[in-house]
Amino acid sequence: MKKLVLALIASVAILSVPAMAQDKKLKIGATTYGLNAEFMQIWSAALKQHPAVKSGEVELTVFDGRYDALVQQEQFNTMITQKFDAIIFVPMDVEAGAAAVQAAHDAGIPVVGSNARVNSDLLTSYVGSNDVEAGELEAKAVLDKMGCKGNLVILEGPIGQSGQIQRLEGNERALKACPDVKVLEKQTANWSRAEAQTLMENWLTSHPGQISGVIGQNDEMALGAIEAIKAANLKLSDFAIAGVDGVTDAINSVKRGEMASILQDANAQAQGALDVAIKAAKKDYKPESAIWTQYPDMKWADGAEKDYLVPWTPVTTENADKLLESRK
């Protein structure tokens with residue numbers, strides 16, 4: 001009889017373990033390339049507003065990669081040591097980040113990419129936008145205003161990050177349609193408004209009266225170029241300027257007719273990535289973010305798609321106020 005009771009207790013204990021495992025709070029980490037600029041701040045804030053985080057289903061930790069691939073590697077090591085259930089990765093470097101993904105994969109931790117690419121086949125999924133398309137759209141906006149003639153400069157993102165690589169590919173695609181346009185300068189300003197302002201000031205001095213277009217591979221750099229043009233007491237209307245991201249200052253700048261911009265939906269990228277990461281750690285999970293109904297062309301497919309691409313939205317004078325309202 002005693003043996004029977006012990007056997008029953010043991011069987012109940014075995015049956016209860018999976019149920020308890022299902023109910024435990026998931027530990028999910030997100031390492032971003034850096035949190036200095038507004039776009040990644042919006043992305044991180046959106047992650048924290050995800051329903052699964054607000055309800056307590058997920059314990060979320062967001063790491064600031066400080067624009068350093070080695071810092072991100074250490075953050076991966078921390079999450080592996082602390083046995084996180086899943087990792088969301090916004091890599092600083094398309095190549096260097098692959099080692100971090102490999103380490104997590106070897107530890108049995110799923111990794112979901114978001115916003116920026118890493119050269120690894122081991123990602124569970126990627127939730128972001130097509131940066132080649134963005135580069136082509138922004139360059140076309142500049143070239144159209146220039147009438148496909150004249151000289152321009154290109155402010156690049158950090159060399160080796162996927163946004164820089166792919167947006168440059170898109171820039172160059174658009175430039176092929178305007179063979180008479182000359183690229184006078186092309187240099188990284190590391191997504192930084194201040195660095196872009198300094199570069200643009202130097203270029204305006206080196207090429208007086210010769211620059212008529214500015215392609216900023218993100219809004220921060222395009223805004224830095226605008227500041228340099230204003231500081232030089234030149235007329236903004238003489239320049240065609242475009243950026244990417246749809247940050248708040250850029251939307252206001254579009255309203256003033258100073259530049260063009262394309263909205264990259266940080267909210268959809270972040271919340272979509274977290275839904276996919278939770279699904280990778282908890283097989284019976286159903287997506288909780290509203291972004292899947294907001295973008296019906298992004299098919300959930302049980303979280304198993306390799307790429308979930310969030311569409312771009314051109315910022316216009318017509319939709320600017322609505323976009324600004326959504327930031328409040």
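Predicted model: local features only at pLDDT ≥ 70, side-chain atom pairs only at ≥ 80, totals over all residues.
Guide: The expected span of a helix is 1.5 Å times one less than its number of residues.

Visitor: What span should helix H9 have, and how far apart are its end C-alpha atoms?

Guide: Helix H9 covers residues 219–231, so its 13 residues should span 18 Å at 1.5 Å a residue. The end C-alpha atoms are 18 Å apart, which agrees.

Visitor: How many residues of H9 are buried?

Guide: In H9, 10 of the 13 residues are buried, so the helix is largely enclosed by the rest of the structure. Among them are Met221, Leu223, Ile226 and Ile229.

Visitor: Which residue caps the N-terminal end of H9?

Guide: Asn218 does so, with a side-chain oxygen 3.4 Å from the backbone nitrogen of Glu220. Just after the helix, Asn233 takes a positive phi of about 60°.

Visitor: Turning to the strands, which way do the residues of E5 point?

Guide: In strand E5, residues 125–128, Ser125 and Val127 point one way, while Tyr126 and Gly128 point the other way. All of these residues are buried. In a regular strand the side chains alternate between the two faces of the sheet.

Visitor: Which strands does E5 join, and do they run parallel or antiparallel?

Guide: E5 is joined by 3 bridges to strand E4, residues 111–114, and the two run parallel. Another 3 bridges join E5 to strand E11, residues 307–309, also in parallel. Ser114 stands opposite Val127 in E5, and Asp307 in E11 is the bridge partner of Tyr126.

Visitor: With which residue does Asp307 form a salt bridge?

Guide: Asp307 forms a salt bridge with Arg117, the closest N and O atoms being 3.1 Å apart. The pair links distant parts of the chain, since Arg117 is in the loop between E4 and E5 and Asp307 is in strand E11, 190 residues apart. Arg117 counts as partly exposed because its relative accessibility is 23%, and Asp307 counts as partly exposed at 35%.

Visitor: What about Asp245 and Arg167: are they buried or exposed?

Guide: Both Asp245 and Arg167 are buried. They form a salt bridge, with the closest N and O atoms 3.8 Å apart. Asp245 is in the loop between strand E9 and helix H10, Arg167 is in helix H7, and 78 residues separate them.

Conventions. Residues numbered from 1 in each chain as written. Heavy atoms only, no water. Buried < 20%, exposed > 50% of the residue type's maximum accessible area, 1.4 Å probe, protein only. Helix = DSSP H or I, 4+ residues; strand = E, 2+ residues; numbered from the N terminus. Pairing = 2+ DSSP bridges. Polar contact = N/O pair within 3.5 Å; in protein donor to acceptor, adjacent residues only side chain to side chain. Salt bridge = Lys/Arg side-chain N within 4 Å of Asp/Glu carboxyl O.
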